[in-house]
Amino acid sequence: MTPRRLQAPGIGTSMARNPRNGRGPGARLLDRAITAAAARAAGPGSIRFTERQLYYETCRVLSPAATLLPGIPRTPAPPLRLPTFTRALEARGREAVDGLLPPVRSAPSRPLSASDAAEPDLYAYGLPRLLVCQDSSIARMLLANHVQLEAACPVLAAPDALPLDPRLVAALERAEGATVHVLHDASPEGIGLPARVRAALGPVPGVRVTSIGLVPRHAATLRLPTGRGPAPAPPLEPWPPGLRPEEAAWLARGRFTQVAAVSPPRLVRTVLRLTRGPRPPRNSMWSELRGLRTTGFLTWPAS
């Protein structure tokens with residue numbers, strides 16, 4: 001989706017109509033909003049984030065009412081025009097925003113760590129899970145926050161990863177029951193990405209492809225800002241079985257929501273929860289005692 005389609009009436013509209021406002025109270029308000037948004041995007045864990053994620057976080061700062069009444073699903077329009085935000089960020093200086101990642105350069109993504117060149121046999125092992133992101137900048141953001149290490153799950157960007165490397169496909173097949181998770185926008189192109197990944201895998205037995213979102217109902221439940229493209233949108237035939245009729249109609253009207261609209265802390269937490277699989281049970285004193293008893297290191301006196 002092009003940035004122009006994310007424009008919506010609001011603070012940015014009035015500032016764009018009167019360039020003098022760029023040096024007045026409106027510019028100072030927007031600068032303070034960007035400062036607050038950067039702090040919220042980083043969260044308590046000093047998370048790195050992209051420029052588009054900072055834009056959506058700034059929209060939430062400027063329109064706190066959009067997050068009220070969380071029990072009522074809705075997808076509000078952004079209160080700030082993207083070009084206005086970009087100009088304000090350039091005037092402030094991107095390097096002055098702590099946690100903001102530099103723009104993505106056109107370079108092939110790496111499915112594994114940068115050290116895989118020194119260890120060419122890494123592909124010889126089974127790969128139980130893999131994450132494919134529709135958006136290259138989101139893939140890079142997850143890598144910058146070490147999601148691939150915490151989840152033990154390589155992170156790929158779909159534009160660079162498809163078609164999948166045959167060595168990667170073989171590693172997935174070798175794991176016996178591997179899962180390819182697909183993270184995508186709530187848009188016709190995003191909804192169709194899991195099927196494209198499945199087709200890229202080919203007839204590989206035992207490998208499951210699963211979507212972890214977004215879909216329109218996620219966007220409405222989380223009250224994420226939504227954009228509007230040309231309508232009617234290109235139809236998907238067939239729609240995925242799990243897509244509800246009202247969601248298909250929402251997409252057909254040209255509506256879309258980007259993964260970048262999810263707050264960075266929530267995105268990292270959700271991706272980790274969905275990709276790293278079941279967590280091992282936490283140890284306690286009683287579980288350790290039971291374990292020692294079953295292994296013969298501790299026996300209870302007979303009653």
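Contact means heavy atoms within 4.5 Å. Helices (H or I, at least four residues) and strands (E, at least two) are DSSP runs, numbered from the N terminus. The model is predicted: local features need pLDDT of at least 70, side-chain atom pairs count only at pLDDT 80 or more, and totals for chains, interfaces and linings use all residues. Residues are numbered from 1 along each chain as its sequence is written, and side-chain values use heavy atoms, leaving out hydrogens and water.

**Exercise 1.** Find the buried face of α12 and its packing partners.

*Solution.*
- Start with burial: under 20% relative accessible area is buried, over 50% exposed, and partly exposed lies in between (1.4 Å probe, protein chains only).
- E247, A248, W250 and L251 of α12 are buried.
- Look down the axis of α12: these buried residues fall within an arc of 155°, so they line one face of the helix. The arc is that of the directions from the helix axis to the C-beta atoms.
- On the other side, P245 and E246 are exposed.
- The buried residues of α12 pack against α9 (188-191), α11 (216-221) and β6 (255-256).
- After α12 comes G254, with a positive phi near 90°.

**Exercise 2.** Describe the largest nonpolar core.

*Solution.*
- A nonpolar core is a set of buried Ala, Val, Leu, Ile, Met, Phe, Trp, Tyr and Cys residues joined through side-chain atoms within 4.5 Å.
- The largest has 53 residues; L54, L131, L142 and L183 touch the most other members.
- Elements giving two or more residues to this core include α2 (25-42), β1 (129-133) and α12 (245-252).
- The largest share, 7 residues, comes from α2.
- Another core lies apart from this one, with 20 residues, among them L127 and L201.
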